[in-house]
Amino acid sequence: MADNGSLSEFLAVAVDAAKSAGEIIRKGFHEKKNVEHKGQVDLVTETDKACEDLIFNHLKKYYPEHKFIGEETSAACGTSELTDHPTWIVDPLDGTINFVHGYPFVCVSIGLTIGKVPTVGVVYNPILNELFTGIRGQGAFLNGDPIKASSQSELVKSLLVTEVGSERDKSTVDAATNEINSLLFKVRSLRMNGSLALSLCSIACGRTDLLCMIGFGGPWDVAGGAIIVQEAGGLVFDPSGGDFDIMSQRVAATNAHLKDLFTDALMESGITQQP
């Protein structure tokens, strides 16, 4: 395991990479209104690829011996296997639909696992200028100030964040809406941010209290946010209540008080059954 000094250095290098990529995203976000003729898909793809290349080149310059898993690289050649080696897991642009619509919930997410354990996390929203960071054992921060998960202990007063995903076949949509329907009677309200990385950070800083997502893109969506939640005093786990597996495309998160109540509610709603 790396010592605290090197963990701080890993974070500093990742923050530099995230901020540089954030500049590319910010430029595309504000420019895109003028490039309708070129096609929004092209813009998203180009921004995604440019950000990932920049981030990986920056990290590889400092840590050539580390491993790398990225949304763009892995999607092209199958998800890389996660090993015990220090591994950087990157989503260069989380919230692509938000990006297309000019909705300001977009971010760069960079996570470092060591021994398969999330250890360093950076989630940066360049539009709202919010930089979330976390290092295992050293706390979580928003723009340098410490953050804490909420202290809410009642489900009925809690704010739930989830997504319905992008699939629109009837069975998927029906399952999602039935589950949401069931949960809405148990919580105060529901939010959909369109960025799982930022939704995890919203748990970490106490803006929301509960999160559940099954069937998202891959480990790049959660690698940065998971450690930030944990370091803010929150809990990250499988929706069944079991241990969080970064490669499983299943995640739930709460503050320190709501896990058992939430997993019971998820079970009752039918959400937690293994696919």
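**Asn-193 and its surroundings**

Reply: Asn-193 is in contact with Asn-98, Tyr-103, Phe-105, Val-161, Glu-163, Ser-199 and Ser-202, leaving aside neighbours within four places in sequence. Contact means heavy atoms within 4.5 Å. The model is predicted, so local features need pLDDT of at least 70 and side-chain atom pairs count only at pLDDT 80 or more, while totals for chains, interfaces and linings use all residues. Residues are numbered from 1 along each chain as its sequence is written, and side-chain values use heavy atoms, with hydrogens and water left out.

Asn-193 sits in the loop between strand E9 (189–191) and helix H6 (196–204). Helices (H or I, at least four residues) and strands (E, at least two) are DSSP runs, numbered from the N terminus. Asn-193 is buried, at a relative accessible area of 13%. Buried means under 20% relative accessible area, exposed over 50%, and partly exposed in between (1.4 Å probe, protein chains only).

One partner of Asn-193 is Ser-199: their side chains make a polar contact at 3.0 Å. A polar contact is a pair of N or O atoms within 3.5 Å; within protein, one must be able to donate a hydrogen and the other to accept it, and residues adjacent in sequence count only if both atoms are side-chain atoms. Ser-199 lies in H6. Ser-199 is buried, with a relative accessible area of 1%. Beyond four places in sequence, Ser-199 touches Val-161, Glu-163, Asn-193, Thr-208 and Leu-211.

Next, another asparagine. Asn-255 is placed in the loop between E12 and H8. Asn-255 is buried, with a relative accessible area of 0%. Its side chain makes a polar contact with that of Ser-150 (2.8 Å). Not counting residues up to four places away in sequence, its contacts include Ile-203, Asp-209 and Leu-235. Asn-255 and Leu-200 are 55 residues apart along the chain, and their C-alpha atoms are separated by 11 Å.

Now helix H8 (residues 259–269). Its buried residues are Phe-262, Thr-263, Ala-265, Leu-266 and Ser-269. Seen down the axis of H8, these fall within an arc of 160 degrees, so they line one face of the helix. The arc is that of the directions from the helix axis to the C-beta atoms. Exposed residues Asp-260, Met-267 and Glu-268 are on the face turned away from the buried side of H8. Cover for the buried residues of H8 includes strand E8 (159–161), H5, E10, strand E11 (235–237) and strand E12 (250–254). Gly-270 follows H8, with a positive phi near 85 degrees.

Helix H7 (residues 223–231) is mostly covered, with 8 of its 9 residues buried. Gly-233 follows H7, and its phi is positive, near 90 degrees. Gly-233 is also among the contacts of Asn-255.

Last, the largest pocket. It is lined by 44 residues, and Val-164, Gly-165, Ser-166, Met-213 and Gly-215 lie nearest its centre. On a 1 Å grid over the protein atoms alone, a pocket is an open set of points where a 1.4 Å probe fits, with protein on both sides within 12 Å along at least five of seven lines; lining residues have an atom within 4 Å of a point. H5 gives the largest share of the lining, 7 residues.
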